Amino acid sequence: MAILDTLRNAWSTKSIRNKIIFTLLMLLIFRIGAHIPVPFINREALQQMFEGEGAATMMSFLNTFSGGALKNFSVFALSIIPYVTSSIIMNLLTVVIPSLGRLAKEGEDGRRKITQYTRYGTIILGFVQGMGMTVGLMRPYLVVPEGALMIPTFFLIALVLTAGTAFLMWLGEQITEKGIGNGISLIIFAGIVAGIPDAVKTIVPDVLSGAIAWYQALSILVIGTILIAGVVFVQEGQRKIPVQYAKRVVGRKVYGGQSTHIPLKVNQAGVIPLIFGFSIMNFPMIIGTWFPQGSAVNNFIGTWLTMDAKFEAIPFLIFFALLIVFFTYFYTGITFNPVDVADNLKKNGGFIPGIRPGRPTSDYLSKILTRVTLAGGVFLAAIALLPMLIQVITGIKNAQIGGTSLLIVVSVALDTMKQLESQLLQRNYSGFIK
């Protein structure tokens, strides 16, 4: 009921209603673009390829993130993945390269320059991935006009895919600036939600025909419900570090003396480690598209470097889980600096009971953060590997219900609702002050 009340109050507020409408229109444009096909493609043959077991297993994650655009090979087939990959590279470079690190700390101007570098990287990576996908994966399904040259056709398709990614990047930035929520996350959210009807259409006919037992389909709903409850529980879970502020006398007034806490979330990094880890592990599939179907390299990648519930994929899945845990620590270290927090507490007369201000406080926060982050990283890794577990439990190969997808959907929905509540609260305070 609280969610419905928030939505009702947000819709009754004109300024917030306009932001909601703007966001929905931008997402509508994204869904329309997901059905605009790239030129010179045989869509019927492409659909048959995606219905094949090996190809569906290899490309299902990419297709989920693109909202079915990859299966249609539309102008948004690359989705926003090149932008995410470019963001990963820039975040790593700010740690490795001192000049970029200083640039990131220069405030708004520095962040604007890093954002510009990220855009350039997105264009470069988008063109490389688009060319690889065109030459490798989609080449057998191209219908080139008679007399046309193949290489210029490849470049044209790669440019169209790159333009689609650049447009999605701009679309996400517009949503973040003028709408509600994080634009990039909402685009991924919309793509995942758009795939739910296709998943239902895949399972329901099999249940009606008896190919899938009713209890198998019911088990998917039960697992999904439990997973959503677990995601909400972990996303909202936090370790509260008590903080006490000493009393200070300034003139005739007494300041401080109150008690508060520092909230350390169990999943401080949100869905970022999953997206980062997925983008890195996506490289083998991208490399595989450069080689013909049935080649030795393509068969090796399809056997050993794919996310599937089979024995050969165990080393790949273990590395994927470790990568998620690493990015959980990495991103948490970027967003929460114990040294800065300890310094700010000391400057404002705050202290943790039983812990001396300064270095002991930062060490204590680092110790607690390490333990909490480990729990969050293990949770994210388990969520990422859940699709394989669902396949084993339910026996349904193409259930298309992934823990990663549900985590992104639930997390983005929670964050968007929090932004709505924050804007409503800010508006109420503004009206009170005026």
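In this predicted model, the side chains of D109 and R112 form a salt bridge, with 2.9 Å from N to O. Because D109 and R112 are three residues apart in helix α8 (residues 108-137), about one helical turn separates them. R112 is partly exposed, at 47% relative accessible area.

A salt bridge also links K418 and E236, at 3.3 Å from N to O. K418 belongs to helix α19 (residues 403-433) and E236 to helix α12 (residues 214-236), so this pair ties together parts that lie 182 residues apart in sequence. K418 is partly exposed, with a relative accessibility of 37%, and E236 is partly exposed as well, with a relative accessible area of 36%.

In helix α18 (residues 359-394), R359 and D363 stand four residues apart, about one turn of the helix. Their side chains meet in a salt bridge of 3.2 Å, N to O. R359 counts as exposed, at 63% relative accessibility, whereas D363 counts as partly exposed, at 40%. The count of salt bridges comes to four, and the table lists some of them.

| Salt bridge | N to O distance |
|---|---|
| D109 and R112 | 2.9 Å |
| K418 and E236 | 3.3 Å |
| R359 and D363 | 3.2 Å |

The protein chain as a whole contains 19 helices and five strands. Of its 434 residues, 45% count as buried. Among contacts between residues at least 6 apart in sequence, 73% join residues at least 24 apart.

T328, in helix α16 (residues 314-335), is buried, with a relative accessible area of 1%. Apart from neighbours within four places in sequence, T328 is in contact with A269, P273, T373, G376, G377 and L380.

Helix α17 (residues 338-347) has P338, V341, A342 and L345 as its buried residues. These residues cover an arc of only 100 degrees around the axis, and therefore lie on the same side of α17. The N-terminal end of α17 is capped by N337, which places a side-chain oxygen 3.0 Å from the backbone nitrogen of V339. Just after α17, G349 adopts a positive phi of about 75 degrees.

I36 is located in the loop between α2 and α3 (43-51) and is partly exposed, with a relative accessible area of 41%.

Definitions and conventions: Residues are numbered from 1 along each chain as its sequence is written. This is a predicted model: local features need pLDDT of at least 70, side-chain atom pairs count only at pLDDT 80 or more; totals for chains, interfaces and linings use all residues. Side-chain values use heavy atoms; hydrogens and water are left out. Helices (H or I, at least four residues) and strands (E, at least two) are DSSP runs, numbered from the N terminus. Buried means under 20% relative accessible area, exposed over 50%, partly exposed in between (1.4 Å probe, protein chains only). Contact means heavy atoms within 4.5 Å. The arc is that of the directions from the helix axis to the C-beta atoms. A polar contact is a pair of N or O atoms within 3.5 Å; within protein, one must be able to donate a hydrogen and the other to accept it, and residues adjacent in sequence count only if both atoms are side-chain atoms.
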